[in-house]
Each structure stands twice: as structure tokens, then as C-alpha cells.
Amino acid sequence: MAREFTSVGVVGLGTMGAGIVEVFARNGIDVVAVEIAEDALERGRRTLTGSTDRAVARGKLAPADRDALLGRVNFAVGLAALDSVDLVIEAVPERLDLKQRLFAELDRICRPEAVLATNTSSLSVTDIAVATGRPQQVVGVHFFNPAPVMKLVEVVRTVVTAPEVVADVEALCVRLGKVGVTIGDRAGFIANHLLFGYLNQAVGMVEARYATREDIDAAMKLGGGLPMGPLTLLDLIGLDTAYEILDTMYRRGGRDRRHAPAPLLRQMVTAGLLGRKSGRGFYTYERPGSPVVV
Ligand code: 3HC
């Protein structure tokens with residue numbers, strides 16, 4: 001029988017972390033939501049309340065259910081609040097040194113039987129696991145943006161992850177209403193490995209002035225049957241995140257030229273054009289979610 005996780009911690013309340021907190025709380029699971037500082041914690045709290053308030057406004061969530069959902073989330077500054085959870089999901093920025101330090105710290109703080117999971121999208125789960133004294137209990141749990149909506153979770157097992165830990169996390173995915181796919185520890189796993197080469201090529205087309213951004217997006221949305229075109233999707237993912245993912249896959253995955261980040265992507269990140277979250281990327285956003293062409 002799969003072990004049922006009853007109390008979960010999420011570390012890092014950016015776009016992905018806050019979305020993951022919502023996924024757990026929506027499914028009746030208590031969550032300790034952790035950040036390193038008050039202002040970051042407040043941002044995470046605002047993301048969660050904004051998302052659940054929108055669901056109420058659209059008639060998708062009753063106000064009482066929203067209140068119950070928020071009541072399951074215990075916000076805290078500092079990792080000490082995670083001392084009694086049985087699963088931690090880390091969603092801090094994609095830097096190996098940062099994640100390794102964090103996992104070493106979690107290993108000291110969390111109960112010995114707790115499972116430590118990373119939401120990394122392109123770093124090596126094995127590299128993160130060996131920073132702990134319990135690598136058999138470290139696993140990748142990769143959600144997709146927006147986490148409350150996207151059905152897929154990639155469960156990443158390393159060569160040392162215990163099979164029962166993988167099975168417990170697979171069962172958890174079902175409980176969360178997600179579909180889990182289980183894979184080995186390879187840069188980009190399945191979805192990002194395939195998706196980001198395509199996104200990168202779309203940036204290359206803009207860079208070469210081969211077609212307009214609107215036409216590139218229209219081609220893939222209307223001709224490819226996708227919910228959004230590649231440039232709109234990059235704005236949703238965040239250009240900084242996309243750059244990091246491509247760069248890591250390029251370096252870890254044998255320098256496959258499809259993953260060599262397009263120079264324009266780097267220039268846009270340097271200029272602070274990060275997509276929806278900064279108000280401007282390939283499109284300009286008056287308010288989150290509405291593309292306004294300039
Ligand atoms: N949080 C919670 N719910 C959200 C949401 C969010 N951030 N964004 C949208 N939703 C909900 C809406 O409330 C709505 O719910 P309802 O159907 O119950 O009313 C539903 O999602 C659909 O939203 P909209 O009607 O506003 O808009 P769309 O129909 O255009 O859907 C979308 C929006 C779900 C984002 C859709 O366009 C889509 O699927 N886009 C592709 C997203 C994608 O490919 N993500 C993967 C990115 S790669 C990744 O994440 C990997 C990582 O490593 C970077």
C-alpha cells in the first residue's frame with residue numbers, strides 16, 4: 001500500500017511554488033508554505049489569494065471552499081517550520097549550489113522518514129540528492145505552469161531513489177488529480193526536452209525577422225492545435241526561466257544546438273523583458289494575462 005502523505009511543505013513561493021501550494025490545498029492536504037523573507041512570503045500569499053479569488057469571481061470555487069483552502073496553508077519564514085512534514089517540495093530558483101545547500105539543510109531539519117522532492121526542470125536530481133544523507137528518499141516532482149491547471153507531473157527517479165518512494169509519489173499524483181509520468185534523471189526530462197527546442201526556434205525566427213510574433217503564434221495555435229503560440233507561452237513561463245532551462249539543457253545534454261539559447265532571449269532577459277511577470281516580454285501586458293501589442 002502506498003504511503004499517504006498528510007502534511008506537506010513547499011519551499012519557495014514564486015510562480016511554481018505558489019501554484020503547487022494551491023494544488024495541495026485544493027485537494028484537502030495541509031501545506032506549510034515557506035519563504036526565506038517576509039516580503040517574498042507576502043508575494044507568495046498574494047499569488048495564492050489572487051488565484052483563489054479569481055476562481056471565486058468566475059464561479060468555479062465557493063467562497064467557503066476558498067476559505068477552507070486558504071485555512072489549510074500555514075505560511076512561515078524559515079525552514080524550521082518543516083520539522084514535522086512528511087514531504088517537502090522545493091521550488092526555489094534553478095541554481096544547483098542553492099538547491100544543494102537547501103537540501104543539506106532540509107536533511108538536518110526534516111524527520112528521517114520524510115521524502116525530499118525537487119521541482120527542478122533541468123538540473124540533475126542526482127546532484128541534488130547527494131547533498132543529503134538520504135538520497136534514496138530524494139525524487140524529482142516536476143509540475144507545469146500554471147500548476148493548478150496543467151495535468152502533468154513528471155516523477156524523476158535517480159539511480160538511488162527507492163522504488164517505494166517513487167510509488168508513493170506516483171500515488172500522490174493521482175490523489176492530486178494529476179497524471180504522473182515516471183522517468184530517469186536526464187536534462188529536461190521528457191516535456192522540457194521536447195518543448196524548449198521548439199520554443200527556442202520560435203525565438204530564432206523572431207530574431208531573423210522571418211515572421212512576425214503574431215504570425216508565429218497564430219501558426220502554432222491555429223495550425224498546431226496548441227492552446228497558445230510559442231511566444232505567448234514563453235511570456236507565461238518567464239524568459240529568465242526559459243533561458244536558464246535552455247542553457248542548462250545545452251550544457252548537460254551534450255551541447256545539442258537546438259538547446260543553445262537564441263541570443264535574442266539572452267538580450268531580452270538582460271534588458272528585464274521577462275514576460276508577464278515583468279509586464280513585458282514578446283508582448284506588453286497592461287494587466288497580467290492580457291497581451292497588448294506595442
Ligand atoms: N492559476 C490557476 N488557474 C488558472 C491559471 C492560474 N495561473 N491560469 C488559468 N487558470 C484556469 C482558469 O481559471 C480557467 O479555469 P476554468 O476552466 O475552471 O474556468 C482555466 O485555467 C482556463 O483559463 P482561461 O480560460 O483564462 O484561459 P485559457 O483557456 O487560454 O487557458 C492556459 C490558459 C491553461 C494557460 C492555456 O492557455 C494553456 O494550457 N497554455 C499552455 C500552458 C503550457 O504549455 N504550460 C507548460 C509550460 S512549460 C512548464 O511549465 C515547464 C516548466 O519547467 C517551465
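These legends go through a predicted model, from the whole chain to the shell around its ligand. Local features need pLDDT of at least 70, and side-chain atom pairs count only at pLDDT 80 or more, while totals for chains, interfaces and linings use all residues. Residues are numbered from 1 along each chain as its sequence is written.

**View 1. The whole chain.** The chain has 11 helices and 10 strands. Both are DSSP runs, numbered from the N terminus: helices are H or I with at least four residues, strands are E with at least two. The radius of gyration is 19 Å, close to the 19 Å that the globule rule gives for 294 residues, so the chain is as compact as a globular protein of that length. This radius is taken over C-alpha atoms, and the rule is 2.2 Å times the number of residues to the power 0.38. Along its principal axes, the C-alpha trace spans about 55 × 50 × 35 Å.

**View 2. The two domains.** The domain assignment gives domain 1 (7-183) and domain 2 (192-284). Such bounds come from an automatic or database assignment. The C-alpha centres of domain 1 and domain 2 lie 26 Å apart. Seven residues of domain 1 are in contact with 10 residues of domain 2 (C-beta atoms, placed from the backbone, within 7 Å). The side of domain 1 that touches domain 2 has one nonpolar, five polar and one charged residues. Here Ala, Val, Leu, Ile, Met, Phe, Trp, Tyr, Cys and Pro count as nonpolar, Asp, Glu, Lys and Arg as charged, and the others, Gly among them, as polar.

View 3. Eight strands run in the order 3-2-1-4-5-6-7-8, with mixed pairing (strands pair if DSSP finds at least two bridges between them). Strand 3 (73-77) and strand 8 (179-183) stand at the edges with a single partner strand each, so one side of each has no neighbour in the sheet. Neighbouring strands are turned by 25° against each other on average, direction ignored.

**View 4. Strands 1 and 2.** Strand 1 (residues 7-11) and strand 2 (residues 30-35) pair in the parallel sense over five bridges. Which residue of strand 2 stands opposite serine 7? It is aspartate 30.

**View 5. Around the ligand.** The shell holds 18 residues; the closest are Ser121, Phe144, Asn145, Pro146 and Pro227. By class, the shell has 11 nonpolar, five polar and two charged residues. Domain 1 and domain 2 each give at least three residues. Helix 2 (38-57), helix 7 (191-207) and helix 9 (230-237) each supply at least two.

Technical notes:
A residue is near a molecule or strand if its C-beta atom, placed from the backbone, lies within 6 Å of it. Two residues are in contact if their C-beta atoms, placed from the backbone, lie within 7 Å. Axes are lines fitted to C-alpha atoms, for helices over the stretch in contact, and angles run from 0 to 180 degrees between N-to-C directions.
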